[in-house]
Amino acid sequence: MKKWLLAMIVCLAAGQLSAQDYEQSIGLRLGLTNGVSYKASIDGVSAVEFIGSFKRNATVLTGLYEIHLYTFDINNLYLVAGVGGHIGLVAPPTGLNYLIAGVDGVFGVEYKFDRAPVALTLDVKPAQNLIGRNTLDIGWLGATVRYTFD
């Protein structure tokens, strides 16, 4: 976890803060965990994202604070990094239901199409449960397709 945080800080320091090309977006996140994503720009550079995800016998709500960096020579392609937390309910097939909560990170790239209200994101989202089953997910690779609007 310390190495991941150090890598994120280095990338944030190396990048140039840049404005998003949209105010809000909603879409589908696909990967090991599927769900629905809503993202809102705070000031053009930072955003909050909420992900409602569903995996096996668990339902989880994640909230993230993200920074968008323009580090490439390609218009509308951004490096995205952020931190946040999650809370959820696990309902195993046998045994009692239990609550989970913990901290999350996110690191990836996002591309916003010029001529269409669509943004694509590919990222890794590691998570550490602090309440409930104490597990570390080293990163759920995910792809999100979003409809963008102002």
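How many nonpolar, polar and charged residues does the lining of the largest pocket have? The legends below take up the answer after an overview of the chain.

**View 1. The whole chain, a predicted model.** Residues are numbered from 1 along each chain as its sequence is written. In this predicted model, local features need pLDDT of at least 70, side-chain atom pairs count only at pLDDT 80 or more, totals for chains, interfaces and linings use all residues, and side-chain values use heavy atoms, with hydrogens and water left out. Helices (H or I, at least four residues) and strands (E, at least two) are DSSP runs, numbered from the N terminus. Their order from the N terminus is α-β-β-β-β-β-β-β-β-β. Of the 150 residues, 40% are buried (under 20% relative accessible area, with exposed over 50% and partly exposed in between; 1.4 Å probe, protein chains only). Among contacts (heavy atoms within 4.5 Å) with a separation of 6 or more, 49% link residues 24 or more positions apart.

**View 2. Confidence and residues 4-18.** pLDDT is the predictor's confidence in each residue, from 0 to 100. Its mean over the chain is 86, and 87% of residues reach 70 or more. Over residues 4-18 it stays under 50. The model has 31 contacts beyond four places in sequence for this stretch. Where pLDDT is low, predicted coordinates should not be read in detail.

**View 3. The hairpin of E2 and E3.** Strand E2 (residues 24-31) runs antiparallel to strand E3 (residues 34-41), joined by six bridges. Two strands pair if DSSP finds at least two bridges between them. Two residues lie between E2 and E3. Arg29 stands opposite Gly35 in E3.

**View 4. The hairpin of E3 and E4.** Eight bridges pair these strands in the antiparallel sense. Tyr38 has Phe50 in E4 as its bridge partner. Four residues separate the strands, and Gly44 in the turn has a positive phi of about 95°.

**View 5. The largest pocket.** Its volume is about 470 Å³. A pocket is an open set of points on a 1 Å grid over the protein atoms alone, where a 1.4 Å probe fits, with protein on both sides within 12 Å along at least five of seven lines; lining residues have an atom within 4 Å of a point. The volume is the space filled by probe spheres set on the points, which are joined across faces, edges and corners. The lining has 22 residues, with Lys55, Arg56, Ala58, Val90 and Tyr98 nearest the centre. Strands E4 (46-55), E5 (58-70), E6 (77-90), E7 (98-112), E8 (118-131) and E9 (136-149) each supply at least two lining residues. By class, the lining has nine nonpolar, seven polar and six charged residues. Ala, Val, Leu, Ile, Met, Phe, Trp, Tyr, Cys and Pro count as nonpolar, Asp, Glu, Lys and Arg as charged, and the others, Gly among them, as polar.
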